Amino acid sequence: MSLLRTVMDARLHARLARAINIADLRLIAQKRLPKAVFEFIDGGAEDEITLRDNRAAFERNLLRPRILNDVSQPDMQTPWHGRVAQAPLVIAPMGSCMLAWPQADIAIAKAATSLGLPYTLSTMSTTSIEVMADAVQGDLWFQLYVLKDHAFNDQLVQRAHAAGYGTLVVTLDLQAGGKRERDLRNGITVPLRLNVRQVLDGIAHPAWAWQMLRGGSPQFENVKGYMGQQSADLTIAAKVGQSLDSAYDWDDLARLRDRWKGQLMVKGVAHPDDAWRLAQMGVDTLWLSNHGGRQLDGAVASLDALPAIARRLGGKMPLILDSGVRRGVDILKAHTLGAKAVAVGRAVLYGAAAGGEAGAKHALQILIDELRLSMKLSGLARWGDDPALLAPYRHGDPPAPAVVSGDSTSR
Ligand SMILES: Cc1cc2nc3c(=O)[nH]c(=O)nc-3n(C[C@H](O)[C@H](O)[C@H](O)COP(=O)(O)O)c2cc1C
């Protein structure tokens, strides 16, 4: 048995070593996973306009590098509320990860921790708040979806606090489940409910099927018993959407701000007026996101939403950005437009799907190495220095003024 394990580990490391960028890891994930699972991870809502534009925005915004700075040792350290991350990179919350690899949540969290990066556990994770806190001693953040039952929300927040999560990330762009048409066609659910097509697809992906059989079908561990049996046949997005409170408003968030004494972040921000109001009510960090193009199709790319928000806040509070980050240079571009750090979802999940913890770590290491190289080639010695690197748009638009969200209040 241990010989078999050694051979399998050697094959896995050889497979990962051939992946030199995130796109390579995505291809490995695509080969390993059944179509329904891969498309659940990879896909977006409706016509996938926002999904594509998230990438296009990074391609539209180019840099104008500087020279003659000492960039022999680029410093990427990023302070977060009394801790220091080794790079301006955060793991975005993701539900249903164990569809991709056994214990994928823990694998990703361990990979992040080993590189000194914060990890965000989703309400819809397939590992519970407590099991994660026992398994991983790193900077753990907890992401809350506001469920209809506010007493249940309070319990989740209480559990996160008791387990030592110091940061609460409230996701507010999921007032309903996005219309993900690939998932509707594929009929993917959690727990897995297999139809003939999916069984055949599983047989065609034996390594994945074997892992699933051994590990058991993933469950939403934090909300067991809450989601209800009546929704067993719904797709994942529909099931989650059905459970959320679409009446949640500013007063509800103000109450949460009063109750939660740790860092409070709001995820899903795209509009400067919302950003301004959130800053006024004492939210600590804003997390610009369109859920990776999985919710409102037609929502502005996060990178395009960033300059107006950064201008409006004038460096008043730290901004995190996600949606579409696939390269280290993307992190630098987001920084020049005002982000303190970026979060990654699919980039690290492709890695985990390709090779568990080693694959997730490989994905993060690729992004960190690419960022270090981009900083050198752009003449940026320290993260947080005003880079003023943004080049004018190619089509003659004036460049957005660069505003870096200084985090002088890092707690
Ligand atoms: C498989 C998957 C599951 C996700 N689940 C959640 C979730 O439970 N909570 C949440 O706030 N966002 C969730 N997201 C959105 C991510 O947190 C993040 O906003 C998005 O993935 C960023 O885009 P990117 O994948 O292009 O990096 C999920 C994304 C993916 C790909």
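How many helices and how many strands are there in the protein chain? There are 16 helices and 10 strands, where helices (H or I, at least four residues) and strands (E, at least two) are DSSP runs numbered from the N terminus. Before I go on, please keep in mind that this is a predicted model, in which local features need pLDDT of at least 70 and side-chain atom pairs count only at pLDDT 80 or more, whereas totals for chains, interfaces and linings use all residues. Residues are numbered from 1 along each chain as its sequence is written, and side-chain values use heavy atoms, with hydrogens and water left out.

Let me begin with the chain as a whole. For 411 residues, a compact globule would have a radius of gyration near 22 Å, and the protein chain, at 20 Å, agrees with that; the radius is taken over C-alpha atoms, and the globule rule is 2.2 Å times the number of residues to the power 0.38. Along its principal axes, the C-alpha trace spans about 60 × 50 × 40 Å. Buried residues make up 56% of the 411, where buried means under 20% relative accessible area, exposed over 50%, and partly exposed in between (1.4 Å probe, protein chains only). If we take the contacts (heavy atoms within 4.5 Å) between residues at least 6 apart in sequence, 75% of them join residues at least 24 apart.

As for charge, the chain carries 47 positive and 42 negative side chains, and the centres of the two sets lie 4 Å apart. Here Lys and Arg count as positive and Asp and Glu as negative, while His and the chain ends are not counted, and the place of a charge is taken as NZ of Lys, CZ of Arg, CG of Asp or CD of Glu.

Now to strand E10, which covers residues 341–344. In a regular strand the side chains alternate between the two faces of the sheet. In E10 both faces are covered, with Ala-341 and Ala-343 buried on one side and Val-342 and Val-344 buried on the other. Strand E3, residues 89–91, pairs with E10 in the parallel sense over three bridges, pairing being called when DSSP finds at least two bridges between two strands; within E10, Val-344 is the bridge partner of Ile-91. Strand E9, residues 319–321, also pairs with E10 in the parallel sense, over two bridges, and there Leu-321 stands opposite Val-342.

Which residues of helix H11 are buried? They are Ile-236, Ala-237, Lys-239, Val-240, Gly-241 and Ser-243, that is, six of the eight residues in this mostly covered helix, which runs over 236–243. These buried residues pack against helix H3 (35–42) and strand E5 (140–145).

I would also like to point out two loop residues other than glycine with positive phi. Gln-103, with phi near 55°, lies in the loop between E3 and helix H5 (104–114), and its relative accessible area of 42% makes it partly exposed. His-291, with phi near 65°, lies in the loop between strand E8 (285–288) and helix H14 (302–313), and is buried, with a relative accessible area of 12%.

Finally, Asp-386 sits in the segment after helix H16 (346–378), and at 54% relative accessibility it counts as exposed. Its C-alpha atom is separated by 36 Å from that of Leu-27, a residue 359 positions away along the chain.
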